[in-house]
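Here is my note on the model that you asked me to look through. Please keep the structure open beside it while you read.

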Amino acid sequence: MKRFFFFLFLFAGCATQQTSARPELRGVWVATVDNIDWPSRRDLTVEQQKAELVAIYDRAAALGLNAIFLQVRPMADAIYPAPGSPWSEYLTGAMGKAPEPAYDPLAFAIAEAHARGLQLHAWFNPFRARHPSATSAIDESHLAARRPELVRTYGKHLWLDPGDADARAEVLNAVLDVVQRYDVDGVHMDDYFYPYPEDNQPFPDEATWQRYRASGGRLKRDDWRRQNIDDFVRTLYTSVKAARPGVQVGISPFGIWRPRHPRQIRGFDAYDKLYADARLWLRRGWVDYMAPQLYWPIDRREQSFPVLLRWWMAQDRRRRGIVPGLFASKWSKEEIARQIALTKRAKTRGFILFSAKALK
C-alpha cells in the first residue's frame with residue numbers, strides 16, 4: 001500500500017507538467033510478446049482478457065498516466081482481426097486461432113482507454129517475424145508461409161529482410177491498415193529494425209544486397225542497410241500523416257545512438273549494429289516524438305541517465321519532443337522517482353515506463 005501511494009503521488013504530480021504546445025505523454029508500455037504484460041497467459045477466457053486489460057488501465061489512470069502503448073503486432077501477427085495476418089498465439093494459444101466468443105481486442109482496448117482519458121498508441125515490432133517464445137505452428141496466413149522469400153532465419157528468430165522493398169511495404173501496409181480502421185492516437189515503433197546481433201553472425205541478406213549491387217547501387221553494405229531503414233521511417237511518417245494527420249508517429253530507439261556521444265558514454269552501438277540512425281530521423285522531423293530507451297541508472301557513469309537525457313534533448317532541434325523510456329520493471333521506485341524528477345527539470349515531453357508489470 002505504501003508503494004501504491006508513493007507512485008500515485010509521483011505520477012499525479014507529473015500531470016501538471018506542460019513543456020510545449022505538444023501534449024505531454026505520461027505513458028506505459030503494455031507488452032503482449034511472451035505474455036509479458038497482457039494477456040498474462042495464453043489460455044485466458046475473453047472475459048478474463050478484458051478484465052486484465054481494464055485493471056491495467058484503471059491503475060494507469062489512477063497513477064496520473066495518460067497514454068497506453070499497446071503492442072498490437074509482436075511478430076508479424078496481430079491482436080486484432082487483420083487482413084493477411086494471423087491472430088497472435090499470445091492471445092489465444094495458437095497462431096491463427098481467433099478469440100471465442102469473437103471480439104476485437106484492439107477496438108475494445110481503444111474504447112476502454114478513451115473512456116478513461118487515456119491515449120492509445122498502437123505499438124508495432126516492424127520486422128520481427130517470429131520470437132523464440134513462440135510454440136505454435138506457423139499459420140498459412142503468416143508472412144513466413146505466405147511470402148517466405150521475404151523472411152530470413154537469424155539465430156532463434158525469423159526476421160523480415162528490411163533490404164527487400166516488398167518486406168518494407170508489407171510492414172507499412174499493416175500499420176496503415178490500423179491507422180485507417182481504428183481510432184488510435186498514435187503508432188509506435190520500438191528499437192528492433194535490423195536485429196540485435198546473435199552469436200556474432202551477420203544478418204543473412206546476401207540476396208537483397210547482391211540485387212542492390214546489380215541494380216547499380218554504390219553504397220557500402222552498412223550504409224545501404226541504414227538507408228533501407230531511413231527510407232522505411234520516412235515513408236512511414238509521410239504515409240501515416242497522409243492517411244490521418246492527427247495520428248502521432250513515435251519511435252523508441254536504443255538509448256545510446258553511438259558510443260562516445262557524449263564522450264563518456266560506452267555501450268552498444270545502435271547506429272552500427274541495428275543500422276538505426278535515430279538522430280537523423282529526429283533531425284529530419286520524421287517523428288512526432290522520440291522515446292529513447294534510457295534504461296540505465298543515474299549513477300552509472302558510462303551509461304549515465306542524465307548525461308544521455310541531455311544529449312537527446314540537444315538533438316531535438318525541431319522541438320518534436322523527447323519522451324524518455326524508463327526501466328521501471330528493473331530499478332527501484334526511488335531510482336525511478338529521481339529519473340522522473342530529472343525529466344521534469346529537463347522539460348521533456350513526458351516519459352514512458354517499461355512495463356505495465358511495474359504498476360502492479
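Predicted model: local features only at pLDDT ≥ 70, side-chain atom pairs only at ≥ 80, totals over all residues.

1. Residues are numbered from 1 along each chain as its sequence is written, and side-chain values use heavy atoms, with hydrogens and water left out.

2. Helices (H or I, at least four residues) and strands (E, at least two) are DSSP runs, numbered from the N terminus. Helix H11, residues 305-315, is mostly covered, since eight of its 11 residues are buried, where buried means under 20% relative accessible area, exposed over 50% and partly exposed in between, with a 1.4 Å probe and protein chains only. Among the buried residues are Phe-305, Trp-311 and Trp-312, and the cover over the buried residues of H11 includes helix H10 (278-284) and helix H12 (333-346).

3. Three strands form an open sheet in the order E4-E6-E5, with antiparallel pairing; two strands pair if DSSP finds at least two bridges between them. Strand E4 (128-130) and strand E5 (151-154) stand at the edges with a single partner strand each, so one side of each has no neighbour in the sheet. Four bridges join E5 to strand E6, residues 157-160, and Tyr-154 has His-157 in E6 as its bridge partner.

4. How do helix H6 and helix H8 lie against each other? The axes of H6 (residues 165-181) and H8 (residues 221-243) come within 10 Å and cross at roughly 25 degrees, these axes being lines fitted to C-alpha atoms over the stretch in contact, with angles that run from 0 to 180 degrees between N-to-C directions. That makes H6 roughly parallel to H8, because angles under 35 degrees count as roughly parallel, over 145 as roughly antiparallel, 65 to 115 as roughly perpendicular and the rest as oblique.

5. Most residues other than glycine have a negative phi, and most peptide bonds are trans. The peptide bond from Glu-100 to Pro-101 is cis, with omega near -5 degrees, and another cis bond joins Phe-354 and Ser-355, with omega about -5 degrees.

6. Arg-319 has a positive phi of about 55 degrees although it is not a glycine, and Arg-319 is exposed, with a relative accessible area of 61%. Lys-347 has a positive phi too, near 60 degrees, and Lys-347 lies in the loop between H12 and E11.

Note on methods. Contact = heavy atoms within 4.5 Å.
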